Amino acid sequence: MAIGLVPHYSVVFPIEGLTGAEFLVIIREVAKKLEWEVPHSDLNGLVAYTKFRRRSINEKIQLSVEEGLVTLKSETQGGQIFDMGRNKRNVNAFISCYDETRSSFSAEELKIKADQITSLQEQNAANPEAGLQSSLAVGEQSKGMLSMFIPVKGYFVTPILIDLNIVLFLLMVISGVNIMQPDNESLLHWGANFRPITLAGEPWRLVTNIFLHIGILHLLFNMYALLYIGILLERRLGSRRFGITYLISGIVASVASLYWHELTISAGASGAIFGMYGVFLAMLSTNLIEKSIRKALFTSIAVFVGFNLMNGMKGGIDGAAHIGGLVAGIIMGYSFYPSLSNGENKKLNFGLPALLAVGFLGLSFWTYRKIPTDIIQYDKKMQEFATIESRALRIYDKDFRSSLSTKQEFLSEIKDTSLFYWQKGENLITNLNKLELPKEVHQRNEKLMAYCNLRINVFQLLYKSIEDSTKEYNDQITAYNYSIDSLLKTLK
């Protein structure tokens with residue numbers, strides 16, 4: 001998943017002689033003048049969003065008050081890498097307008113408005129879940145780097161998932177796996193998803209690969225995306241729903257990858273994470289999210305998802321898993337609408353989501369069983385071919401060759417063993433080409449056929465050479481052996 005660090009800009013300044021309510025009057029007026037949308041504000045500060053611009057994602061403004069000091073922060077939405085100075089301009093515009101607005105109020109006018117604010121805040125205190133703050137409160141509680149790894153109420157499953165991914169990656173590195181680019185053998189050993197192995201009786205890889213990452217950068221990008229969506233979504237969705245949906249989206253993504261890719265080794269949390277973004281997109285298309293910020297958030301999340309889906313079309317990225325997880329997440333997201341709209345109804349809380357969860361697992365199992373297994377048959381036959389090749393080349397073994405004492409024994413070994421097994425190997429490859437295999441495997445089979453033919457030619461000439469006691473065929477044998485060496489290099 002292609003994600004960068006979130007650009008932001010912040011300053012700290014004192015209130016200087018204002019009560020909390022008076023300060024709130026001023027900052028609300030400032031936000032109004034700057035045409036910012038304010039889904040939440042109270043005596044501790046506010047959360048606001050700048051107007052959506054056609055050519056860029058909007059910014060989130062967070063203002064918090066603590067011990068007479070104000071922390072003002074502007075942060076880019078949507079995972080952009082550069083903000084082109086917009087966050088700093090937002091902060092500077094606020095401070096400039098703040099000074100102007102404060103001087104425009106008389107003391108009496110400010111006190112009247114402050115009293116009104118205090119009264120309204122007391123009423124709103126009875127409804128702590130109102131506004132966007134109910135979803136973003138976790139972000140304020142999660143200050144400091146270590147807090148993102150510690151489960152708390154409303155932010156319980158996300159840190160556990162992050163911790164599991166990191167611990168597994170550390171165990172891989174400690175065991176000797178390359179921290180930047182693990183090799184295929186290491187990934188398969190630790191549980192990556194790979195059709196020939198997964199379909200051959202190891203379906204647990206559909207789950208284990210969700211927690212496995214291909215290098216430190218892959219891990220960091222995915223964990224950042226998981227942290228971001230976890231803070232936005234887990235409290236609003238509920239930890240139980242969040243965890244179950246994450247796992248189901250991950251499994252659906254794994255099956256989609258298995259179905260689409262015949263010989264791709266797949267690993268990573270991207271599919272499950274895309275599922276959670278799908279849930280949030282579904283919720284943003286309903287009235288579950290406050291109207292004042294719905295459009296801005298929907299646009300930024302949609303741009304983020306669209307960018308990563310397009311990026312997933314590049315080589316080396318599992319786009320099938322991304323799409324599978326996203327579709328599963330969107331459907332699950334809509335299934336939560338009745339229960340989130342009417343939280344008191346237990347049937348709505350568990351009925352439709354549970355039915356969909358079972359449906360997705362059933363569909364995944366059905367798809368898993370329907371995926372062609374020809375590649376598994378191919379893998380088994382290639383093991384048989386390796387045995388055939390070993391028997392056919394036995395005459396080149398020094399110890400075995402020393403056991404052949406007569407000319408007739410040499411000729412019998414070449415004709416009855418070497419030539420017999422090379423022709424058997426040729427027939428095996430011919431039959432393998434009848435299977436439904438990836439294009440690159442059929443191309444490899446053509447090279448194996450050529451390899452068998454070259455070996456047959458060599459042993460036929462070797463037979464004639466020994467039978468006639470002549471060196472007449474030595475140059476031809478050398479030329480064939482040179483072709484064999486060149487061909488073997490392309491097969492490795």
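**View 1. Helix α10 against helix α13.** In this predicted model, the axes of α10 (residues 239–260) and α13 (residues 319–335) come within 7 Å and cross at roughly 140°. The crossing is right-handed. Contact (heavy atoms within 4.5 Å) involves Thr-245, Ser-249, Val-252, Ala-253, Ala-256, Ser-257 and Trp-260 of α10. From α13 come Ala-320, Ala-321, Gly-324, Gly-325, Ala-328, Gly-329 and Met-332. These residues divide into 8 nonpolar, 6 polar (Gly counts as polar) and no charged.

**View 2. Helix α11 against helix α13.** Helix α11 (residues 270–284) packs on α13 at about 35°, with axes 6 Å apart. This crossing is right-handed. Among the α11 residues in contact are Phe-274, Gly-275, Gly-278 and Val-279. Those of α13 include His-322, Leu-326, Ile-330 and Tyr-334. The contact residues comprise 8 nonpolar, 8 polar and no charged.

**View 3. Helix α5 and its cover.** Helix α5 (residues 157–174) has 18 residues. Its first and last C-alpha lie 26 Å apart, close to the 26 Å expected at 1.5 Å a residue. Buried residues (under 20% relative accessible area, 1.4 Å probe) include Pro-159, Leu-161, Asn-165, Phe-169 and Met-172. Their cover includes α6 (184–189), α9 (216–237) and α10. Just after α5, Gly-176 takes a positive phi of about 110°.

**Notes.** Residues are numbered from 1 along each chain, and side-chain values use heavy atoms, without hydrogens or water. Local features need pLDDT of at least 70, and side-chain atom pairs count only at pLDDT 80 or more, whereas totals for chains, interfaces and linings use all residues.

Technical notes. Axes are lines fitted to C-alpha atoms, for helices over the stretch in contact, and angles run from 0 to 180 degrees between N-to-C directions. Helices (H or I, at least four residues) and strands (E, at least two) are DSSP runs, numbered from the N terminus. A crossing is left-handed if the near helix is turned anticlockwise from the far one by less than a right angle, and right-handed if clockwise. The expected span of a helix is 1.5 Å times one less than its number of residues. Buried means under 20% relative accessible area, exposed over 50%, partly exposed in between (1.4 Å probe, protein chains only).
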